[in-house]
Amino acid sequence: VLFRLLNNTLLSADALPVGLRSSRDRSVVAFSVPDLPEGVLYSALKDMAPVEDGDFIVPIGSGAAALIKDLHDQTLDDLTEYCRAVIETLETEGIDKVRAGIGRITSDPKAIHESCSDAFQALDLSIGYPNGGPVFVYEKMKLERILECINPEEKKHIRELFFDSFSGLNPELKETVSVFFKNDLNLTAASRQLFIHRNTLNYRLDKIRKEYGLDLRCFRDAVVFQILSEIAEEKANESLL
């Protein structure tokens, strides 16, 4: 019944388990491990994932399982931390390379399949855009979803027109950009997190401006840089597959 609910093939709402009939905030989390035999991940989650009343774990074929999570007034950020803790527990038991996709919150029991679809789409997007893993929240992947609307030929043209990869950025500059963006282009906050002087941060950003013609202190240039970096990252990941 739960499998059919997640796949939107449940014919009647009357067939829903009693614990899913109420209008409560829920989200579906899709867990995935490449090449794991069928049933192993499901069994591990049943044994190790903390579940409460209203939570259901469902096997989804080989190397995948879904958790229908009753949020109990929790937020997506709370659920993200919960998933990170579950993944860390699985890793201690030797189950590596676990990824989790979190679907949108819904209070409609009949719309749970939509949250499930979101969760697996987040996992699909994470293959091309792995930044910030191992937990991927569909609602926070708006940029990635937009980029997926660009056809491959156009992405190829964009790479040729601007640059093919960020291989020219050394690890120090890559970390600088990442921290600067995570702090919403705030120079003071970013320099503090990087443990460098504000002038040093400005010097590094100037190096990037000279190299790519984009000043990351300018919101518009920062958006362009992020889009190009995601497309370049996607290309790099494709070459590794």
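User: What makes Asp118 and Arg104 a salt bridge?

Analyst: This is a predicted model, and the distance is taken from its atoms. The closest N and O atoms of Asp118 and Arg104 are 2.5 Å apart. The cut-off is 4 Å between a side-chain nitrogen of Lys or Arg and a carboxyl oxygen of Asp or Glu. The pair therefore counts as a salt bridge.

User: Where in the chain do Asp118 and Arg104 lie?

Analyst: Asp118 belongs to helix H4 (residues 112-128). Arg104 sits in the loop between strand E4 (99-102) and H4. They are 14 residues apart, and the pair links distant parts of the chain.

User: Why is Asp118 called buried, and what is Arg104 called?

Analyst: Buried means under 20% relative accessible area, and exposed means over 50%. Asp118 has 3%, so Asp118 is buried. Arg104 has 35%, which falls in between, so Arg104 is partly exposed.

User: How do you know that Lys69 and Asp55 form a salt bridge?

Analyst: Their closest N and O atoms are 2.7 Å apart. With the limit at 4 Å, the pair qualifies. Lys69 is in strand E3 (residues 64-70). Asp55 is in the loop between helix H2 (40-48) and strand E2 (56-59). These are distant parts of the chain, 14 residues apart.

User: Are Lys69 and Asp55 buried or exposed?

Analyst: Lys69 has a relative accessible area of 2%. Asp55 has 10%. The threshold for buried is under 20%, so Lys69 is buried and Asp55 is buried.

User: Why does the pair Arg84 and Glu81 count as a salt bridge?

Analyst: The N to O distance is 4.0 Å. The rule asks for within 4 Å, so the pair is counted. Arg84 and Glu81 are three residues apart in helix H3 (residues 76-92), which means they are separated by about one helical turn. Arg84 has 27% relative accessibility and counts as partly exposed.

User: How many salt bridges does the rule give, and which residues form a network?

Analyst: The count comes to 10. Asp206, Arg209, Asp215 and Arg217 are linked in a network of salt bridges.

User: What makes E2 and E5 edge strands?

Analyst: The open sheet has five strands in the order E2-E3-E1-E4-E5, with mixed pairing. E2 and strand E5 (135-137) each have a single partner strand, so one side of each is left without a neighbour in the sheet. The twist averages 20° from one strand to the next.

User: How do you know that E1 and E4 pair?

Analyst: Pairing needs at least two bridges. Four bridges join strand E1 (residues 26-32) to E4, so the two strands pair. They run antiparallel. Val29 stands opposite Ile102 in E4.

User: Why are the buried residues of H6 said to share a side?

Analyst: Helix H6 (residues 152-161) has Lys155, Ile158 and Arg159 as its buried residues. They cover an arc of only 100° around the axis, so they fall on the same side of H6. Glu153, Glu160 and Leu161 are exposed on the other side.

How values were computed: Residues numbered from 1 in each chain as written. Predicted model: local features only at pLDDT ≥ 70, side-chain atom pairs only at ≥ 80, totals over all residues. Heavy atoms only, no water. Buried < 20%, exposed > 50% of the residue type's maximum accessible area, 1.4 Å probe, protein only. Arc of directions from axis to C-beta. Axes fitted to C-alpha atoms, helices over the stretch in contact; angles between N-to-C directions.
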